[in-house]
Amino acid sequence: MSTWGTGDLLQYDVSDPFHLRRTASVRLGGIVGRQPHPAEPDTPLTGGAQMVELSRDGRRVYLTNSLYSAWDAQFYPAGIDPWMVKLDADTSHGGLSVDSLFFPHGPAFLGLRVHQTRLQGGDASSDSYCFRR
């Protein structure tokens, strides 16, 4: 579950839909607190986990930070710096960890707003509907 305002991405075990169990959380960005990425601990991030894409095997979670341009501008009047991150997911026991080596941002996205992730070859969940065998 993505909570853009706080910057949290929450992972739940939903195997029993009547007794959900939170198994992990990661905080990046957020309106208050602006949690940094581990690769640049002195740079508070704007935006928060917005578009969440899960790899086909469930082991990688990709996040981007732009919600909608009108809302981005409202909550970040000085501008929103675009970024994308990858989390590694423990599919056996639950758990999320930030991949400190994967952090496209800054000049890589200069002048852009990153929103939806689509990986060549259909690695992300949004590509499932266009995957061919």
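This is a predicted model: local features need pLDDT of at least 70, side-chain atom pairs count only at pLDDT 80 or more; totals for chains, interfaces and linings use all residues.
View A. Helices (H or I, at least four residues) and strands (E, at least two) are DSSP runs, numbered from the N terminus. Two strands pair if DSSP finds at least two bridges between them. β5 and β6 run antiparallel and are joined by five bridges, with Val 61 sitting opposite Leu 87 in β6. On to β7: β6 pairs with it in the antiparallel sense over three bridges. The two make a hairpin with six residues between them, and Gly 94 in the turn has a positive phi of about 90°. Strand β6 (residues 84-89) is largely enclosed by the rest of the structure, because five of its six residues are buried (under 20% relative accessible area; exposed is over 50% and partly exposed is in between, with a 1.4 Å probe and protein chains only).

View B. Gln 11 is part of strand β2 (residues 8-13). Its relative accessibility is 17%, so Gln 11 counts as buried. Contact here means heavy atoms within 4.5 Å. Setting aside residues up to four places away in sequence, Gln 11 touches Arg 21, Arg 22, Thr 23, Ala 24, Ala 89, Asp 90, Gly 94, Gly 95 and Leu 96.

**View C. The open sheet β1-β2-β3.** Three strands form an open sheet in the order β1-β2-β3, with antiparallel pairing. β1 and β3 (21-27) are the edge strands, each pairing on one side only. Two bridges hold β1 and β2 together, and Ser 2 has Leu 9 as its bridge partner in β2.

**View D. Trp 4 and Phe 75, ring to ring.** Rings of Phe, Tyr and Trp (its six-membered ring) pair if their centres lie within 6.5 Å; planes under 30 degrees apart count as stacked, over 60 as edge-to-face and the rest as tilted. The whole structure has three aromatic pairs. For Trp 4 and Phe 75, the ring centres are 5.6 Å apart and the planes sit at 65°, so this one is edge-to-face. Trp 4 lies in the loop between β1 (2-3) and β2 while Phe 75 is in helix α1 (residues 69-75), so the pair ties together parts that are 71 residues apart in sequence. Trp 4 is buried at 8% relative accessibility, and Phe 75 is partly exposed at 37%. Ring pairs also link Trp 4, Phe 75 and Tyr 76 into a cluster.

**View E. Gly 5 in the loop between β1 and β2.** Gly 5 is found in this loop and is partly exposed, with a relative accessible area of 33%. The C-alpha atoms of Gly 5 and Phe 75 are separated by 9.0 Å, though the two residues are 70 apart along the chain.

Conventions:
Residues are numbered from 1 along each chain as its sequence is written. Side-chain values use heavy atoms; hydrogens and water are left out.
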